[in-house]
Amino acid sequence: MGNILDYLAWRGDLSLRQAPFGAVDALILSALSYIRLDGLVGTADPPVPLGRTAQAWLTLPPGRRGRCRTELDPDLLRALAASPRFAGMGLCCRADRFLPQEETQFAALAVLPGDGSAFLAFRGTDATLVGWKEDFNMSFLDVVPAQRAAAAYIEAFASSFSGPLVLGGHSKGGNLAVTGAALCPARARDRIAAVYSFDGPGFTDYLLTRPGYQELLTRVQTFVPKSSVVGLLLGREEPHTVVDSAQKGLFQHDLYSWQVLGADFVRLEEVDAGSRLIDRTLKNWLAGLSKSQRETVADTLYDLLSSGDAKMVREALQPKNLAGALRSALDADPKDLLVLASSLARLAGAVLRAL
């Protein structure tokens, strides 16, 4: 067994005519969406070859590359550049929107495999506090800005591209792929051949009841690791496929840990007992909070963590910034702090009862 890098070594020389596009290919292109290609792929320019773009990124000085989500991202670009299957694919229509004041983090990339179709890859949550805050907002807002942006991106791309569309993304990117498809106009949605969600969180009741979501059910392919947490959050109606992982617990969210054998993932019957336990615990906790309480918890926690200089999650967890958050708590609304404290205490109680 191996991961997506091994898949590229094993099958990267096979054309799409020899081996049709599949779920592992979709995960690879979803992983590509995390890599910042500013200055290499335009927003409205003609497509550029993936292989040449990967080589150009790799030759940039480290300070000009932008953040990498993981140390394996450069290895992915090297493998893609060396792969006849992927190197000739075209990249275009890069979108990247980061608006802290609107609590919005959205990015997408169009990939043209060369078979007349287009793959729209949506980036998952980055390491910024804003990105995580928007994820929390999904628990109490019917639609968050990134989801609206995904629908607009699909509509705009479909208006200038006549072939079939395939959508995909990992983590929040998977949610955006499904939600964007559900919310975009029917004339664009009708051209969507498949949507891949890789451990993407579920959806609000508002989205689950939208006609567009119901129309997509037979075209959505959802994959989660055996100890999934993120992919089981909120609700969904489409079935999911369980994938084996080389990691344990929450670290299985890492897409490089997902196990591949030949042309497909190593599939399992169901998620493990720990995943089911966490899923029940979190769902019961959220069910006990009203929408206004969820909003207060998310807003208060975000305000405290971002009260200092921290912009990234890892920065917010440093001792000096945590100390600043505690000082900011002295000026916070006591009612909001009470809701936050009682909600976290309720979560702790739910965890203890589940053990």
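Contact here means heavy atoms within 4.5 Å. The model is a predicted one, in which local features need pLDDT of at least 70 and side-chain atom pairs count only at pLDDT 80 or more, while totals for chains, interfaces and linings use all residues. Residues are numbered from 1 along each chain as its sequence is written, and side-chain values use heavy atoms, with hydrogens and water left out.

**Nonpolar cores**

- A nonpolar core is a set of buried (under 20% relative accessible area, 1.4 Å probe, protein chains only) Ala, Val, Leu, Ile, Met, Phe, Trp, Tyr and Cys residues joined through side-chain atoms within 4.5 Å.
- The largest such core has 45 residues, and Leu-76 and Phe-265 are those with the most contacts inside it.
- Among the elements that give two or more residues to this core are α1 (4-11), α2 (23-32) and β6 (192-198), and α2 gives the most, with eight residues.
- Leaving aside neighbours within four places in sequence, Phe-265 is in contact with residues including Ala-23, Val-24, Leu-27, Phe-198 and Trp-258.
- Another core, of 35 residues, lies apart from the largest one, and Cys-92, Ala-110, Phe-161 and Leu-208 are among its members.

**Cavities**

- A cavity is a set of points on a 1 Å grid over the protein atoms alone where a 1.4 Å probe fits but cannot get out, and lining residues have an atom within 4 Å of a point.
- Of the 13 residues that line the largest cavity, Ser-33, Ile-35, Arg-94, Ala-108 and Arg-123 lie nearest its centre.

Terms used: Buried means under 20% relative accessible area, exposed over 50%, partly exposed in between (1.4 Å probe, protein chains only). Helices (H or I, at least four residues) and strands (E, at least two) are DSSP runs, numbered from the N terminus. On a 1 Å grid over the protein atoms alone, a cavity is a set of points where a 1.4 Å probe fits but cannot get out, and a pocket is an open set with protein on both sides within 12 Å along at least five of seven lines; lining residues have an atom within 4 Å of a point.
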